[in-house]
Amino acid sequence: MKLAIVILNWNGVKMLAQYLPAVLEYSRRDATVFIADNASTDDSMDLVRRKYPECKTILLDRNWGFSEGYNRALKQIDAEYYLLLNSDVEVTHEWLTPLIEFMDSHPEAAACQPKLLSEVDKDSFEYAGASGGFLDKYGYPFCRGRIFDVVEQDNGQYDYRSEVLWATGACLMIRSKDYWAAGGLDRRFFAHNEEIDLCWRLRLMGRKIFCIPDSEVYHVGGGTLPKGNPKKTFLNFRNNLTMLYKNLPEEELGKVMRVRWFLDYLAAWETLILNRNFGDFKAIFKARHAFRKWLPDFKADRERIQKARVIDPVPERKAFSILWQYYVKGHRTFDQLPD
């Protein structure tokens, strides 16, 4: 099989009903579509069986989350390329062609993503990946088209192919051999930051990640954990710190972690004092505690990742602080950032 499009589903019957028809219509010539179900309790799989029998299905025994759900599903699929696709993504005519052609002609590429636009405002980028992602020196993610909560209008300013540090998990095409060579998504993350962690590991191994804006898709975003949900805040902080521990070079690890200790607790008190958000305040403290508690479990991972490192530094991990650029210098768009 050349390409397997794999949609991980959990109680997403409404999203499947709305967006799966276009995936099938615009992909049937180039790919096989799989629905991997995380033990849904709604009518998701009944809908697929009745209306979309051309889809192949993988039924998981419980809700394994994004990371392990995909790992377990992909182990059952033999394909040259996987395309991990959120159920709330609207694809467009010929969306696959640029991605497949690029991967076929660029063997150095482990993964790529299309331009991710907002389903709600189709002239704007979408928060969860925009036109390809980067990290600053302290592990904060940002994108071409999105820095923190500032999402740019798409005026064609990033309509050029670019190497990036990470590609969005909302629509991620990846070579199967690279996926497994890097160890797949980290199942312990459950959800959030898992695709960034995977792409960073691949970059350290010398593989490359790209954004191919010739392809466009539209993403609803938010998913099962909308923005502002304390559980989402907890997972983002815990997993981001864990990702840093796993992937940072030894000479930076101590300094970056000390700075993050300060910045994380500053963020916690800011959410409480300025935003009166007690849920996120508690979530950040809980995330720091959970990170410290499970840190020993990742020692072997860190040793293996550092041993496999062939690139130092990774150029797509920027040497500046995005907090400084954004809050002090007032740089709110990607093209205003230092080169």
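I count a contact when heavy atoms lie within 4.5 Å. The model is predicted: local features need pLDDT of at least 70, side-chain atom pairs pLDDT 80 or more, while totals for chains, interfaces and linings use all residues. Residues are numbered from 1 along each chain as its sequence is written, and side-chain values use heavy atoms, with hydrogens and water left out.

**Entry: H7 and H8.** I looked up helix H7 (residues 230-247) against helix H8 (residues 250-273) and found an angle of about 170°, with the axes 11 Å apart. From H7, Phe237, Asn240, Leu241, Leu244 and Tyr245 meet Leu253, Val256, Met257, Arg260, Asp264 and Ala267 of H8. I sorted this contact into eight nonpolar, one polar and two charged residues.

**Entry: H1 and H2.** The axes of H1 (residues 13-27) and H2 (residues 44-51) come within 8 Å and cross at roughly 30°. That makes H1 roughly parallel to H2. Val13, Leu16, Ala17 and Leu20 of H1 make the contact with Ser44, Leu47 and Val48 of H2. Here I note six nonpolar, one polar and no charged residues.

**Entry: Ser118.** Is Ser118 buried or exposed? Ser118 counts as buried, because its relative accessibility is 11% (buried is under 20%, exposed over 50%, with a 1.4 Å probe and protein chains only). I place Ser118 in strand E6 (residues 109-118). Its side chain reaches the backbone nitrogen of Asp121 at 3.1 Å. Leaving aside neighbours within four places in sequence, Ser118 is in contact with Ser124, Phe125, Glu126, Tyr218 and His219.

Conventions:
Axes are lines fitted to C-alpha atoms, for helices over the stretch in contact, and angles run from 0 to 180 degrees between N-to-C directions. Helices (H or I, at least four residues) and strands (E, at least two) are DSSP runs, numbered from the N terminus. Angles under 35 degrees count as roughly parallel, over 145 as roughly antiparallel, 65 to 115 as roughly perpendicular and the rest as oblique. Ala, Val, Leu, Ile, Met, Phe, Trp, Tyr, Cys and Pro count as nonpolar, Asp, Glu, Lys and Arg as charged, and the others, Gly among them, as polar. A polar contact is a pair of N or O atoms within 3.5 Å; within protein, one must be able to donate a hydrogen and the other to accept it, and residues adjacent in sequence count only if both atoms are side-chain atoms.
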